[in-house]
Amino acid sequence: MATRGFVPGLRCADKDSPSRSRPTAAARPGRYAAVVSIREVAELAGVSVGTVSKYLNTPHRVAPATSDRVRRAIKDLGHVRNEAARQMRTGRSNTLAFVALELRNPFFGEVAHAVERRAAENGLFLVLASSDGDPVRESQYIDMFVQQRVRGLILASGTTRPEDFELLAARGIPTVLVDAYAPSDRFSSVAVDDALGTRRAVIHLIEQGCRSIAFVGGPESVRRIGERLDGARKAVREHPGVTLEVIPTEERIVTAGLHVGEVIAARRPAERPDGIVAANDSVALGLMQSLGNRAGLRVPADIALVGFDDMEFAATTTVPLTTVRRPRDIFGRTAVDLVRDQAEADGPLPVRTIVIQPELIVRESSLRRGRPGA
């Protein structure tokens, strides 16, 4: 037969007693041996139950001094949130979901990092998923997140199917598209004008004397790649005598650039492009390594090179890489803020479309007529 344990220093009370004092967690035999309610947290912190609830759900709306008191009370009492029960009451969790096109691409990793930091500031936890360009796989993730009643969803995949958007709208899941334009006025989005970025990159190469330009990366069926190609084609149409060759790749990673670089290097000199715009910096890095280190071609003297994204490594490559900058930190912070605004809205979801202008960062890899600022 089980016996009740005796803890020195604790006064036992009958379970039916109308008034019992609750010891702090430090005084209990196990820190989380008993369930501590938010009412007890509120009493110890000297605030209302509503304030504790607000701290747990929307901490950014609680004054710093009050937050400190509540936080200390939670720690002293060993309060552990019953997340399952809270979800049943509110219909939403404190989980934010992020679906990327490909987490192998450093761009999406840096956006996810910015999302995670902003989410943490808002008391939210982040779950990451990658569609790898597979709409079916993305649908499976979306179904799972809907079932889990996530607080909001950030989509940076570019492969979301119409029926998935319909599901998210029907369930009222705050959804924000990153690096994309929303398919309807029911969703918010934050994007960069990719076509403008590539147009500026091609014009820059033309100004450096390039006349045979290649766009490397793909496939074009990926929306972002299609938009960047549109910008490149527009720039070439505006400059008679300049040609554009499209060299697609299945993936947008370093090895794809390495392979294309070897193919270009194997051509006769007259058949090689004298300027290249890569679909992203990873492809550009592979091209630079293949053309320069393996084939002995000089970047930019033989082939000028421009990337896309301005990843952290772009400025530190063997030849610093000219690239189109897309602000990952702004993407991440803005997307979380848009989700938060929608999740906290009392009426119809506030929908916004934010378009960020790209910036061409000129470095040595594209300069055939002088250094930056010359």
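**View 1. Helices α8 and α9 packed against each other in a predicted model.** Helix α8 (residues 194–207) meets helix α9 (residues 223–237) at an angle of about 40°, and their axes lie 7 Å apart. Helices here are DSSP runs (H or I, at least four residues) and strands likewise (E, at least two), both numbered from the N terminus. Axes are lines fitted to C-alpha atoms over the stretch in contact, with angles from 0 to 180 degrees between N-to-C directions. The pair is therefore oblique, the class left over once angles under 35 degrees (roughly parallel), over 145 (roughly antiparallel) and 65 to 115 (roughly perpendicular) are set aside. The crossing is right-handed, meaning that the near helix is turned clockwise from the far one by less than a right angle. On the α8 side, the contact (heavy atoms within 4.5 Å) includes Thr198, Val202 and Ile206, and on the α9 side it includes Glu227, Ala232 and Val236.

As for the numbers you see, residues are counted from 1 along each chain as its sequence is written. Local features need pLDDT of at least 70, side-chain atom pairs count only at pLDDT 80 or more, totals for chains, interfaces and linings use all residues, and side-chain values use heavy atoms, leaving out hydrogens and water.

**View 2. Val202 in the largest nonpolar core.** A nonpolar core is a set of buried Ala, Val, Leu, Ile, Met, Phe, Trp, Tyr and Cys residues joined through side-chain atoms within 4.5 Å; buried means under 20% relative accessible area, exposed over 50%, and partly exposed in between (1.4 Å probe, protein chains only). This core has 45 residues, and Phe98, Ile154, Val178, Val202 and Phe331 touch the most other members. Helix α5 (residues 106–121) gives the most to the core, with six residues. Leaving aside neighbours within four places in sequence, Val202 is in contact with Ile213, Ala232, Ala235, Val236 and Val277.

**View 3. Two cis peptide bonds, at Pro219 and Pro300.** Gly218 and Pro219 are joined with omega about 5°, in the loop between β6 (212–216) and α9. From Val299 to Pro300 omega is near 15°, and Pro300 sits in the loop between α11 (281–294) and β9 (304–309).

**View 4. Positive phi at Arg149 and Asp179.** Most residues other than glycine have a negative phi. Arg149 has a phi of about 55° and is found between α6 (135–147) and β3 (152–156). Asp179, with a phi of about 60°, lies in the loop between β4 (175–178) and β5 (188–192). Arg149 is partly exposed, at 33% relative accessible area, whereas Asp179 is buried, at 1%.
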